[in-house]
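Dear colleague,

Please find below the structure that I am handing over to you.

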Amino acid sequence: MTQYPDWLWYDGKFVETHTASTSVLTHSLHYGVSVFEGIRAYRTELGKTAIFRLDAHLRRFIASARAFRMHIPFTLNELTAAHVALIGKVQLDEAYLRPLGFYGAEKLGLLTKDLSVHVMVAAWAWAAYLGEGAMTRGIRVKTSSFARPNASSGLTRAKISGTYANSILAKLEATEDGYDEALLLDSQGYVAEGSGENLFIVRGGALIEPEPACALLGITRETVIELAQDLGQKVQSRRLTRDDVYNADEAFFTGTAAEVVPIVELDRRTIGDGKCGPVTARLQRAYADAVRGRDPKRAEWLTLV
Ligand code: PMP
């Protein structure tokens with residue numbers, strides 16, 4: 001069981017975690033419309049903890065809500081202050097942060113008009129999402145039988161809870177079949193993303209991402225693209241098929257929870273030589289330098305606590 005710290009932030013105040021609750025008639029619990037983020041804070045070499053790309057995460061949080069016409073009753077500045085204060089309150093120097101915006105319990109029925117909106121932020125220690133050793137050894141991935149919903153069946157950029165029903169089906173299928181993670185295709189059969197990560201491949205020296213038509217626009221993905229460009233690495237975005245991944249020199253997933261994780265196998269085809277490749281390793285190092293405050297060019301990505 002996760003050991004959650006004693007405090008979380010709920011609607012503007014610190015509340016004891018064991019008393020922070022909501023009604024079983026909470027609208028978001030019934031219909032899956034709540035917005036959330038996953039954010040990490042790292043101990044940095046600047047001697048302080050820093051929340052990585054907090055501004056980008058909170059802007060996406062507000063944009064996800066806005067797309068659903070949900071009004072978050074806190075400003076960007078108030079949410080920023082809440083995250084910073086929470087890290088201090090729970091006294092963690094490394095943490096995963098989870099803001100969640102959800103509708104209240106005033107009424108059920110699909111119309112969300114006139115419902116109250118609540119926001120909570122929790123923080124806890126969360127180690128390597130895809131398991132210890134994933135970063136160095138790499139992971140085994142299975143193409144999911146569940147397609148990622150396409151852009152005409154919902155909002156593909158919004159990080160809302162309901163979308164994760166699809167991710168959970170894919171993750172369950174892959175892990176119960178003995179794999180570490182799922183790769184979801186779009187409804188036309190082109191590569192989309194992982195259940196909670198974006199994908200990149202390396203082919204002939206170029207870093208290539210699948211055109212992100214129905215994938216979440218990951219902040220780690222954007223970070224890795226910028227870091228790759230800094231390193232003089234060419235980056236392309238194009239439609240990818242499963243066999244593009246099977247025959248890639250390297251492949252990796254990116255995500256806030258997962259970070260930069262090499263993929264060494266897809267559907268029992270070994271990718272490259274079955275080890276973390278040199279481009280992946282270089283980007284892992286660049287990412288670690290950025291989050292740990294070792295890259296002075298990227299100081300603006302850190303919110304010091
Ligand atoms: N795709 C999905 C479906 C995700 O859940 C996540 C995790 N938020 C990502 C991609 C990666 O996004 P980020 O790098 O912003 O964490």
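**Salt bridges and the ligand site**

Across the whole structure, a search finds 16 salt bridges, a salt bridge being a side-chain nitrogen of Lys or Arg within 4 Å of a carboxyl oxygen of Asp or Glu. One of them joins Glu-37 and Arg-60, whose closest N and O atoms are 2.8 Å apart. This pair links distant parts of the chain, 23 residues apart: Glu-37 lies in the loop between β3 (34–36) and β4 (39–43), and Arg-60 in helix α2 (residues 54–67). Helices (H or I, at least four residues) and strands (E, at least two) are DSSP runs, numbered from the N terminus.

Please note that this is a predicted model, in which local features need pLDDT of at least 70, side-chain atom pairs count only at pLDDT 80 or more, and totals for chains, interfaces and linings use all residues. Residues are numbered from 1 along each chain as its sequence is written, and side-chain values use heavy atoms, with hydrogens and water left out.

The ligand is surrounded by 16 residues, each with a heavy atom within 4 Å of it. The closest are Tyr-164, Glu-193, Ile-219, Thr-220 and Thr-256. The protein buries 95% of the 380 Å² that the ligand exposes when taken alone (Shrake-Rupley method, 1.4 Å probe). Both α6 (219–230) and β14 (250–255) supply at least two residues of the shell around the ligand.

Yours sincerely
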